[in-house]
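Start with a charged pair, then move on to the pockets.

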Amino acid sequence: ALKNYNYVARDPGHDLRRLAVAIDFGTSSTVVAMDTPSGARELLRIGVRDFYEQVQAKHFENPTVLECVDFPAFNKAWTANAYRPALDWDWMCAAHEAQARFRDNPGDTEILSSILPRLKQWALRSTENRRMRLTDQQGHEMELAPHAERNPTRGQPLAVSEGDPFDPVELYAWYLGMAINWRGRGLFLKYYLSFPVKYPSEVKARVLASFRRGLQRSLPDALIQHHPQVLNDFEVNELASEPAAYAAAALPHLSVEPTEDGIPYAVFDFGGGTSDFDYGL
């Protein structure tokens with residue numbers, strides 16, 4: 001059809017944005033903020049049941065939840081293509097939709113056993129001695145492998161295979177990436193995560209590796225094929241602790257200007273999984 005009408009598919013390289021995306025991967029919910037070409041900043045809604053309803057503040061707190069409906073169908077597609085696999089939302093959904101099913105459920109164990117809430121705590125507790133089992137809504141039961149650090153090689157395209165362990169954090173990051181990276185918004189290469197103050201370094205390394213894989217997999221395959229050099233610029237890094245990141249954003253917003261003597265501040269971050277504090281001058 002493209003040849004018949006003399007159309008040429010748009011080069012995704014034209015949609016690259018040299019802008020930052022900030023991700024607060026929370027225990028109960030995740031918040032994504034990004035710079036826009038106009039100089040503004042935008043928050044992201046993921047998996048809202050009705051995107052045409054009036055926008056509410058709670059829509060931007062994206063629940064850190066996955067719902068597994070049909071794992072074999074999902075996994076076949078997930079391990080077939082590294083970039084933008086042909087997933088169906090009805091096989092595995094996330095965020096608001098998954099949380100609504102979890103909360104609206106009157107006690108159906110088939111639904112409850114298929115939902116994986118609090119992915120961040122799963123990553124924190126995932127060791128050889130603490131396995132977790134998940135059953136999809138078709139009755140397929142699986143044991144989740146312990147969360148492992150599987151970093152992509154910088155500058156090299158990702159490869160996937162049927163033998164890859166299922167990583168829920170990687171999938172959740174892919175959903176975030178699919179909501180971030182599209183023609184109407186652009187394609188982003190720089191991502192920054194915040195973490196609780198006392199999060200163990202090995203857990204942060206695992207989470208960052210999962211986000212590197214998931215976010216990179218949300219980029220179009222055509223971009224990787226025709227512009228492989230962009231992978232040299234792709235990065236997902238830790239930037240600050242959660243309360244320190246809040247202070248960096250809130251103090252200028254509140255017009256709190258530094259002085260020669262310094263202005264003391266305190267941040268109390270009462271979160272879904274931990275309460276963090278940050279004191280500074």
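Q: Which residue meets Asp15 in a salt bridge?
A: This is a predicted model: local features need pLDDT of at least 70, side-chain atom pairs count only at pLDDT 80 or more, and totals for chains, interfaces and linings use all residues. Residues are numbered from 1 along each chain as its sequence is written, and side-chain values use heavy atoms, with hydrogens and water left out. A salt bridge is a side-chain nitrogen of Lys or Arg within 4 Å of a carboxyl oxygen of Asp or Glu. At 2.8 Å, N to O, the partner of Asp15 is Arg10.

Q: Is Asp15 buried or exposed?
A: Buried means under 20% relative accessible area, exposed over 50%, and partly exposed in between (1.4 Å probe, protein chains only). Arg10 has 44% and is partly exposed. Asp15 has a relative accessibility of 4%, so Asp15 counts as buried.

Q: How many residues apart are Arg18 and Asp233?
A: These two form a salt bridge, with the closest N and O atoms 3.4 Å apart. Arg18 sits in strand β1, and Asp233 in the loop between α7 and β11. Helices (H or I, at least four residues) and strands (E, at least two) are DSSP runs, numbered from the N terminus. The pair links distant parts of the chain, and the separation is 215 residues.

Q: Which residues are linked with Arg150 in a network of salt bridges?
A: Arg150 forms a salt bridge with Asp164, the closest N and O atoms being 3.8 Å apart. Asp164 is partly exposed, at 23%. The network links Arg150 with Asp164, Glu170, Arg213 and Arg217.

Q: Which residues are closest to the centre of the largest pocket?
A: A pocket is found on a 1 Å grid over the protein atoms alone, as an open set of points where a 1.4 Å probe fits, with protein on both sides within 12 Å along at least five of seven lines; lining residues have an atom within 4 Å of a point. The largest pocket holds about 1300 Å³ of space. It has 39 lining residues, and the closest to its centre are Asp24, Val31, Ser194, Ala245 and Tyr246.

Q: Which helix gives the largest share of the lining of the second largest pocket?
A: This pocket holds about 500 Å³ of space. Of its 21 lining residues, those closest to the centre include His96 and Arg103. The largest share, six residues, comes from helix α2.

Key: Grid points are joined across faces, edges and corners, and a volume is the space filled by probe spheres set on the points.
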